[in-house]
Amino acid sequence: MGNPSDDPLWRDSYLDRVERQFERDKNHPCIVSWSLGNESGSGENLAAMAAWLKARDPERPVHYESDYEGRYSDIVSRMYSTLEQLRAMSAGLGRNDIATPGRMAKLAERPMILCEYLHAMGNGAGAVADYEELFDTLPQWHGGFVWEWRDHGLRTSTQDGQEFYGYGGDFGEELHDGSFVCDGMVLSDFTPTPMLTEYAAVVTPIKLRLKDGRLEVDNRRHAGDTADLRFRWRDELDGREVASGKLDVPPVPAGEQRTVPSLGSPVRTKVNCGAPSNVFRLGTSRGRSPVTSSAARSNCCRTTPLPSGAPPWARHPLWSRVHGWWATRVSTRSRAT
């Protein structure tokens, strides 16, 4: 059949699809970008879809991972890139074997995301904190989307009536992908896995750091202070709670940091005791909920005003993290020309 994405016979079907998608979802506030699809090769039909979207809605960027040249999409998107590849792409280096040599230098002028990463299969979803650190420090990288949320096992039972969730090969079929459909951060019955706990702690928008008896609170929400949260600490020894308490933390505005002067001498004594079995948990909660967040990372968003040459979609607040980088790139390019 060839490549439908580049076959003129398929052009009208592609355009019909993107037009119906847009008209269906255009008024949803959660839509911050349009995607042309997934893993469908590349070609003129996809370029036509992008052109239609940009003419109809210039305020939102277009995403498509397989546009490795960045010819008709606005966002540089990759799947399962390594930490080393993220650094190289941010620097405008790295190999791009299916695109023009040297193209990465140009693509480094755009925002970047991982449309799939971590691959939560088996004991997967590792290196979450390492990726988050690069998302915090490399200006182009906005983050990624974990593949995936839930296992796709189907409820079935053994001959003696024991219920379980089956996957490829459990239903007598000869052609299947085995357990490859079970790659979620929750099980088929929505039971959370340990990897979800780790992921939630790392990517929480309220970053907490305990340093020299002081608590640093970094609010990375786009809107809303921390007035809805209660800050609690709990000290455990061999899994047994030996002390706990609440912290008086004034509301921290969105995008700002605050330091709580002291956590009190009992906490400092226990935290610094050095016992291998001693665990100090610090986090936030709503109402009477237990401590639910314990990340220790800190890096503020960049909010440098955009230059006049920036595209319309770059002014959206969700893309503000790249503003300082964009202004630097545009001003440098202007001086060079």
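Start by selecting Asp-218, whose bridge partner in E12 is Gln-257. The model is predicted, so to speak of local features a pLDDT of at least 70 is needed, side-chain atom pairs count only at pLDDT 80 or more, and totals for chains, interfaces and linings use all residues. Residues are numbered from 1 along each chain as its sequence is written, and side-chain values use heavy atoms, with hydrogens and water left out.

**The sheet**

Next select strand E9, residues 214–219, together with E12; the two pair in the antiparallel sense over four bridges. Strands here are DSSP runs of E with at least two residues, helices are runs of H or I with at least four, and both are numbered from the N terminus. Two strands pair if DSSP finds at least two bridges between them. Glu-216 stands opposite Thr-259 in E12, and Glu-216 is also the bridge partner, in E9, of Arg-209.

With the three strands shown, the order E8-E9-E12 of an open, antiparallel sheet can be followed. Strand E8 (206–211) and strand E12 (257–260) are at the edges with a single partner strand each, so one side of each has no neighbour in the sheet.

**The cores**

Select Leu-86, Tyr-117, Leu-118, Tyr-131 and Trp-141, the residues with the most contacts inside the largest nonpolar core, which has 26 residues. Such a core is a set of buried Ala, Val, Leu, Ile, Met, Phe, Trp, Tyr and Cys residues joined through side-chain atoms within 4.5 Å; buried means under 20% relative accessible area (1.4 Å probe, protein chains only). Among the elements giving two or more residues to this core are helix H3 (83–90), strand E4 (112–117) and helix H5 (128–137).

Centre on Tyr-131. Leaving aside neighbours within four places in sequence, Tyr-131 is in contact (heavy atoms within 4.5 Å) with Ser-81, Thr-82, Leu-83, Leu-86, Leu-114, Tyr-117 and Leu-118. A second, separate core of 13 residues includes Val-18, Leu-53, Val-62 and Tyr-72.

**The cavity**

Last, select the lining of the largest cavity, including Tyr-64, Asp-67, Tyr-68, Ile-75 and Leu-107. Strand E3 (residues 76–79) gives the most to this lining, with three residues. A cavity is a set of points on a 1 Å grid over the protein atoms alone where a 1.4 Å probe fits but cannot get out, and lining residues have an atom within 4 Å of a point.

Technical notes:
Buried < 20%, exposed > 50% of the residue type's maximum accessible area, 1.4 Å probe, protein only. 1 Å grid on protein atoms, 1.4 Å probe; cavity = no way out; pocket = protein on both sides within 12 Å on 5 of 7 lines; lining within 4 Å.
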